[in-house]
Amino acid sequence: MRMKALALMAALALLGACESAPKDAGAGAGAGTQNTIVPGSQQDLVVNVGDRVFFGFDRSDLSAEARATLDRQAQWLKTYGNVNVTIEGHADERGTREYNLALGERRANSVKKYLAAQGINASRVKTISYGKERPAVVGSNESAWAQNRRGVTVVD
Amino acid sequence: MTTTTRRFLRLAGLAGAVLLALGVAAPQTARAELRIDITKGVVEPLPIAITTFYGGGGRDAQVGADIAKVVSADLERSGLFKPLNPQAFLQTPQQLQSGEPRYADWRTVGAQALVAGGVQGASGGQMKVDFRLWDVTAGQYMSGLSYSASPDSWRRIAHIIADAIYKRLTGEDGYFDTRIVYVAESGPATNRTKRLAIMDQDGENHQFLTDGKTLVLTPRFSPTAQEITYMSYFNKKPRVYVFNIDSGRQEVLGDFPGMTFAPRFSPDGKRVVMSMAQNGNTDIFTLDLGTRRQTQLTDSPGIDTAPSYSPDGTKIAFESDRGGSQQLYIMNSDGSGVRRLTFGNGRYGTPVWSPRGDLIAFTRQQGSGFAVGVVRPDGTGERILTEAYHVEGPTWAPNGRVLMFFKETPSGGGRSAKLYSVDVGGFNERRVSTPLDASDPAWSPLIP
């Protein structure tokens, strides 16, 4: 149940982001519910920090916006030093299954490397690629694709 | 896996099958015999009369009718044959059991070839099935075979007979006594349930092999068709596994530090070639199934994946973005001698070597569309067989004349994924029916 609620929160945060090009979601959204948020939880990360960053088509480099989100994540991970995370790398549907698995791994690793450079011990950060298997948004348009090309930080 | 499933999947009963050429020698004549030339692309389907296999009555008659239907459906689906409506036939199955057909009667109904057969003992422990094939135009016997097997393997007998007819009339091996393993899909696109499933090439004898609790992808048969290698997210650790169809046992392959995926067996079945991704880099490895030794074949900083052996095992086709975009490459099976295969516009992936060795099938992505095509191993002769919003993942029938792939279509806010077959000339594209949505098909070799 808890996981379901969290997933819903993530989806809501994402919807709040933008119609066309997604913004790195989360920061500032859902302020009204802050009193119920457990510090150091996934919900805390989603609502107050931003749990995900987005990538260009067939890219795994981080935009300035993505880096800003990850800077906040790094600060947050320093605050909650006992929290470990898994970075999920995802791709949009425009690619073959195998290539997208590799691309998702590349994206997850790009996030992990950036967090490590900000001083987060690599042993706290696992990665997993879902390729195109777990889109965040269903749709065959640039907006959906852009929201699906993502790296999502998930509290273990 | 249940006992029933296991018995069913083992394809029991045929081990002791007796194959006898029926004792009628084909008379040698100077006249060109009936033959379909399938190398010429589109051909007019050959009108063929397939009579109910004669069984007298009871169970034998039922099995005889069922076998004829399966043979007829197999041949029709190939696109090379046009089975005629049995209601027009002027000679009964019983009359065909003894002596020559009345060729003039068969010419009258438009048949160029004629198949008849018989079934005995279908209600007992051992069943005998025979068939004969005649060239109606020339008025001569072509071939015939007799089979003994357990009655519950009647479907396999029918496919084997269809293969024999196909081979006699085209000169090529058939592909009807084969199976398809694929990924059955259900549920919302954002959290799709994916299960391994297996069926005969005509969609019959469908079975799920996994329960759907774990995401599974890209199953492929071993050369004996008794094992399947695939990728599973079991315990949230995406790794390559092997599944034994007989025992239902699943086993992770190798001890790799990163995600392993895109597996395929070597043609001798002794190795599995696959990709491993680690630290943002994907390379190709083999795992020797005997010694469990891992060998790294590529070390480019790019994505090297989707490896596929040539049928002689000496080469491996794969895809790589080392040159800036996804393209096909070929290397020797020890990783040496890498050369680029495709230079066309678009991104090329999922190379699959034809069992004949003459072509490599691929998925091409160009603009917003996908295509499945073939190219010769020397890089020439690239041809597109089918194009759509999304087609992907070709697999070859064992005779290298037909491919299967999956097609995804936006549907009601989600996705519908279906299997299709198409011949190597790009003709005769057909939907392959599955109970649920379907992707990642893999065609088995002819069942041993």
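**A tour of two chains, starting at a strand pair**

Select S232(B) first: facing it is R239(B), a residue of β12(B). Keep in mind as you look around that this is a predicted model.

Now widen the selection to strand β11 (residues 227-232) of chain B together with β12(B): the two run antiparallel and are joined by six bridges. They make a hairpin with six residues between the strands. Click on N235(B) in that turn, where phi is positive, about 55°.

Next, show strand β12 (residues 239-244) of chain B with its surroundings. Five of its six residues are buried, so the strand is largely enclosed by the rest of the structure.

What lies on from there? β12(B) also pairs with strand β13 (residues 250-252) of chain B, antiparallel again, over three bridges. Pick Y241(B) and you will find V252(B) of β13(B) opposite. Five residues separate β12(B) and β13(B) in their hairpin, and G248(B) has a positive phi near 75°.

Time to move to chain A. Color chain A by element and you can follow α-α-β-α-β-α-β-α-β from the N terminus, which comes to five helices and four strands. Of its 156 residues, 56% count as buried.

Finally, color chain A by pLDDT. The average is 85, and 78% of the residues score at least 70. Select residues 1-21 of chain A, though, and the pLDDT is below 50. Residues 25-32 of chain A also stay under 50. Where pLDDT is low, the predicted coordinates should not be read in detail.

Key. Residues are numbered from 1 along each chain as its sequence is written. Chains are lettered from A and ligands numbered from 1 in the order in which they are written. This is a predicted model: local features need pLDDT of at least 70, side-chain atom pairs count only at pLDDT 80 or more; totals for chains, interfaces and linings use all residues. Side-chain values use heavy atoms; hydrogens and water are left out. pLDDT is the predictor's confidence in each residue, from 0 to 100. Contact means heavy atoms within 4.5 Å. Buried means under 20% relative accessible area, exposed over 50%, partly exposed in between (1.4 Å probe, protein chains only). Two strands pair if DSSP finds at least two bridges between them.
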